[in-house]
Amino acid sequence: MGDKEPVHHYATTDYWEQRYTERSDSGHCSIFEWYLRWEALKPHMKSLIETTDRVLHLGTGSSNLSEDMYYDGYEKAINIDISRTITKSMRNRSSNCKGMTWEVEDCRDMTFEDDYFDVVVDKGTLDALSCGGSDDVYDTCMEVYRVLRPGGLFILISSVPMNVYLGGRVGGHIEWGSIETEKVTADGGKSFYQLHRCLVPNPKITQKIYTELEIQMFDIKLSRKEQRIQKIRQLSRSVDLNQLD
């Protein structure tokens, strides 16, 4: 992001539409990655996402993340961005990725059904929206929580600690089943970003059952944070919900 650009513009549709229009060549935009590439994120994400999961990518821009993940087997992906120009460009560029779609959507007010996705991935979108104020962050987090199914996972790659987005007003309205955070380095260790993993609890699983799942998780002595989240997801899915009514 340019030093001379007013940061509050990063939360507006007009800014991104103008940016991609100016940087397009005959309707095609070159790849540009905010933060980290898939090869750096893969060791921290691959074990958490199943190839059968329905994945939503927020504010994709001209990032190659979803395409790289597609060729690693994650083909059931929907990509959204608020800019019509970049959405059309990315849809054309990834035309060989059958089953992966690109839609013009505002992540603050999405049209998807409740409990529709298994995983939502955001790489820098909340960071941009935060420049417009807390309402944009709140609306986006509430929408992410709404479209994730019980047991679903929100993976947030950001430049800030999780409490900035997931605490305060958002924390007062969303109760995640589990949150894990770790730092992922880039540029040979010269910079780092926060990778937050937020699990949506299953409302049919009582607190007692959920606590037992967590105890079982710790009993098998998993040390890596992504393994702990992975185990909670697996155990949650294995519970016979008919026996919990």
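**Exercise 1: the sheet**

In what order do the seven strands of the open sheet stand, and what kind of pairing do they have?

Solution. A word on the ground rules: this is a predicted model, where local features need pLDDT of at least 70, side-chain atom pairs count only at pLDDT 80 or more, and totals for chains, interfaces and linings use all residues. Residues are numbered from 1 along each chain as its sequence is written, and side-chain values use heavy atoms, with hydrogens and water left out.

Step 1: know the terms. Helices (H or I, at least four residues) and strands (E, at least two) are DSSP runs, numbered from the N terminus. Two strands pair if DSSP finds at least two bridges between them.

Step 2: read off the order. It goes β5-β4-β3-β6-β7-β9-β8, and the pairing is mixed.

Step 3: check the ends. β5 (101-104) and β8 (178-186) sit at the edges with a single partner strand each, so one side of each has no neighbour in the sheet.

Step 4: Angles here run from 0 to 180 degrees between N-to-C directions, with axes as lines fitted to C-alpha atoms, for helices over the stretch in contact.

**Exercise 2: the partners of β7**

Work out which way β7 runs against β6 and against β9.

Solution. Step 1: start with the general idea. Strands of a sheet pair through backbone hydrogen bonds, either parallel or antiparallel.

Step 1: take β9 (residues 191-199). Six bridges link it to β7 (residues 148-158), and the two run antiparallel.

Step 2: take β6. It is also joined to β7 by six bridges, but these two run parallel. Here Phe117 has Leu148 of β7 as its bridge partner.

Step 3: ask how covered β7 is. Ten of its eleven residues are buried, so the strand is largely enclosed by the rest of the structure. Buried means under 20% relative accessible area, exposed over 50%, and partly exposed in between (1.4 Å probe, protein chains only).

**Exercise 3: helices on the sheet**

Find the strands that α6 lies across.

Solution. Step 1: locate α6, residues 134-147. Step 2: follow the helix over β3 (55-58), β6 and β7; against β7 it runs at about 140°.

**Exercise 4: the cores**

Which residues have the most contacts inside the largest nonpolar core?

Solution. Step 1: define it. A nonpolar core is a set of buried Ala, Val, Leu, Ile, Met, Phe, Trp, Tyr and Cys residues joined through side-chain atoms within 4.5 Å.

Step 1: The largest core has 28 residues, and Leu56, Val120 and Phe154 have the most contacts inside it.

Step 2: see who contributes. β3, β4 (77-81), β6, α5 (125-129), α6, β7 and α7 (162-166) each supply at least two residues. α6 gives the most, with five.

Step 3: zoom in on Leu56. Leaving aside neighbours within four places in sequence, Leu56 is in contact (heavy atoms within 4.5 Å) with residues including Ile78, Met110, Phe117 and Val147.

**Exercise 5: two helices with two sides**

For α1 and α4, sort the buried residues from the exposed ones.

Solution. Step 1: in α1 (residues 13-22), Tyr15, Trp16, Arg19 and Tyr20 are buried. They span an arc of only 115° around the axis, so they are on the same side of α1. The arc is that of the directions from the helix axis to the C-beta atoms. On the other side of α1, Asp14 and Glu22 are exposed.

Step 1: the cover over the buried residues of α1 includes β1 (24-25), β2 (28-29), β4, α4 (84-93) and α5.

Step 2: in α4, Ile86, Thr87, Ser89 and Met90 are buried. Their arc is only 165°, which puts them on the same side of α4. On the other side, Arg84 and Lys88 are exposed.

**Exercise 6: a loop proline**

Where is Pro161, and which residues is Pro161 in contact with, leaving aside its neighbours within four places in sequence?

Solution. Step 1: Pro161 is in the loop between β7 and α7. Step 2: its contacts are Gln194 and His196. Step 3: Pro161 and Gln194 are 33 residues apart along the chain, yet their C-alpha atoms are separated by 6.5 Å.
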